[in-house]
Amino acid sequence: MTRPPHVVVIGAGIVGVSTAIWLRRFGTEVTLVDRGAPGQGTSFGNGGVLAACAVLPVTGPGLLRQAPRMLLDPGKPLFLRWSYLPKLLPWLLKYLSHANDKDTRRLTAALGPIVADSVDQHMALTEGLGARRYVTPSDYVYAFRDRRIFEADAYGWALRREAGFEPQLLEGAAVQEYEPALGPDIRCLAVLKDHGHVRDPGGYVTALAEDFTAMGGQIRRAEVRDVALEDGRITSVLTSDGPLACDRAVITAGAWSGPLLKKLGLKVPLESERGYHILYENATGGPRVPVMIDAGKFVATPMDAGLRCAGILEFGGLEAGPTRAPLRMLRAKVRAALPGLQATREVEWMGHRPATSDSLPLIGEIGRTGVFAGLGHHHIGLTAGPKTGRLLAGLITQRPSNTDLTPYQPGRFS
């Protein structure tokens with residue numbers, strides 16, 4: 001009788017923990033390793049929405065024209081630490097090269113398979129597990145000042161409809177009847193059914209990690225420094241606590257994955273898409289379902305601890321701390337959209353979403369090394385994490401899926 005393969009999963013966010021759980025279900029020995037506790041990195045601070053409709057890349061047609069104005073307007077949700085621009089520029093030029101109709105349609109077609117069944121994937125991941133308690137099916141709502149603003153993005157909504165997401169439009173008095181927390185300046189809603197949210201993303205990933213250990217998985221707290229190869233194949237993961245022998249490894253370290261990928265000969269244009277949130281603790285006067293406020297491009301999501309308002313896109317790298325301008329903008333937009341919001345405390349957070357230059361994640365084996373990548377999900381990490389983990393576990397255990405993984409090949413930038 002042959003022993004099951006041993007897989008080391010590097011990174012204990014939603015993608016890593018999902019991968020580890022599916023690998024255990026498929027009969028694999030798994031060690032999950034991270035320098036921090038599970039769910040306390042990028043996964044901790046996301047907006048909590050299972051955004052099945054998030055099939056559009058940010059780089060749609062018109063971005064080249066709009067971006068300079070947005071960067072100069074402190075009331076817009078796009079920010080840049082200007083001192084970081086020289087380092088960012090090569091990545092940014094590649095990123096902006098996709099801001100056209102042909103690429104937008106191609107990228108939308110590729111994003112659909114990993115996000116469109118998000119709620120079902122989270123339900124499948126948590127089947128029989130304690131972490132199921134955090135997953136809440138719900139509507140997902142886009143809120144606009146009026147119908148004219150909604151119709152100004154006819155291009156994007158047409159692509160969402162083609163992907164199977166048809167909004168129900170509400171106007172006038174029906175807006176506040178549906179969601180009384182919204183202020184009078186919001187007069188049009190696009191309501192999308194069959195979505196969901198997670199009531200505590202950090203708690204959810206922590207609970208998934210606890211379920212993983214109950215299934216016989218191992219968790220190690222250590223810094224991963226390198227991988228050891230023999231004849232081009234993985235033999236161990238080198239950590240601050242010594243080597244972890246393995247037959248396969250999976251890199252799910254998000255925005256911090258670049259150095260490991262480079263050691264494997266893979267130069268991936270990967271940047272930090274810095275996101276912010278404010279948690280309004282013990283909030284009253286907030287929405288009952290997740291609402292994307294178009295005016296600020298942030299989502300307001302009800303959570304166990306209160307209301308989390310999350311979003312914003314800032315480029316400034318991994319090293320610099322948070323800046324105040326994005327948080328000032330977010331607070332102003334929250335006050336305008338939710339005038340009755342009250343809270344006992346406001347807690348600020350900034351994190352690093354892993355962004356590839358083509359808006360698509362890396363899912364698959366790196367050459368024939370036995371090392372797999374599962375990273376680069378931009379702002380859809382929570383949404384797509386369980387599906388990505390299931391696909392990776394299937395690849396490693398030779399359980400093929402009917403999803404075409406060609407668009408996500410890790411070597412596509414070479």
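Let me begin with a definition: a residue counts as buried when its relative accessible area is under 20%. The model I am showing is a predicted one.

Take G316. Its relative accessibility is 6%, so G316 is buried. G316 sits in the loop that runs between β16, residues 306-315, and α11, residues 324-337. Which residues does G316 touch, leaving aside those up to four places away in sequence? They are R81, Y84 and R274. W82 is 234 residues away from G316 along the chain, yet 7.9 Å separates the C-alpha atoms of the two.

Now to helix α9, which covers residues 201-214. From first C-alpha to last, α9 spans 20 Å over its 14 residues, close to the 20 Å expected at 1.5 Å a residue. Is α9 largely enclosed or largely open? Of its 14 residues, 10 are buried, so the rest of the structure largely encloses α9. Among those buried residues are P201, G202, G203, D211 and F212. Just after the helix comes G216, with a positive phi of about 100 degrees.

One partner of α9 is helix α1, residues 14-25. Two packed helices are described by the angle between their axes and the distance between the axes. Here the axes come within 10 Å and cross at roughly 25 degrees. Angles under 35 degrees count as roughly parallel, and α1 and α9 are therefore roughly parallel to each other. Their crossing is left-handed. On the α1 side the contact uses I14, V17, A20, I21 and R24, and on the α9 side Y204, V205, L208, A209 and F212. By type, nine residues of this contact are nonpolar, one is charged and none is polar.

Definitions and conventions. Residues numbered from 1 in each chain as written. Predicted model: local features only at pLDDT ≥ 70, side-chain atom pairs only at ≥ 80, totals over all residues. Heavy atoms only, no water. Helix = DSSP H or I, 4+ residues; strand = E, 2+ residues; numbered from the N terminus. Expected span 1.5 Å × (residues − 1). Buried < 20%, exposed > 50% of the residue type's maximum accessible area, 1.4 Å probe, protein only. Axes fitted to C-alpha atoms, helices over the stretch in contact; angles between N-to-C directions. Parallel < 35°, antiparallel > 145°, perpendicular 65-115°, else oblique. Left-handed = near helix turned anticlockwise from the far one by under 90°. Contact = heavy atoms within 4.5 Å. Nonpolar A, V, L, I, M, F, W, Y, C, P; charged D, E, K, R; others polar.
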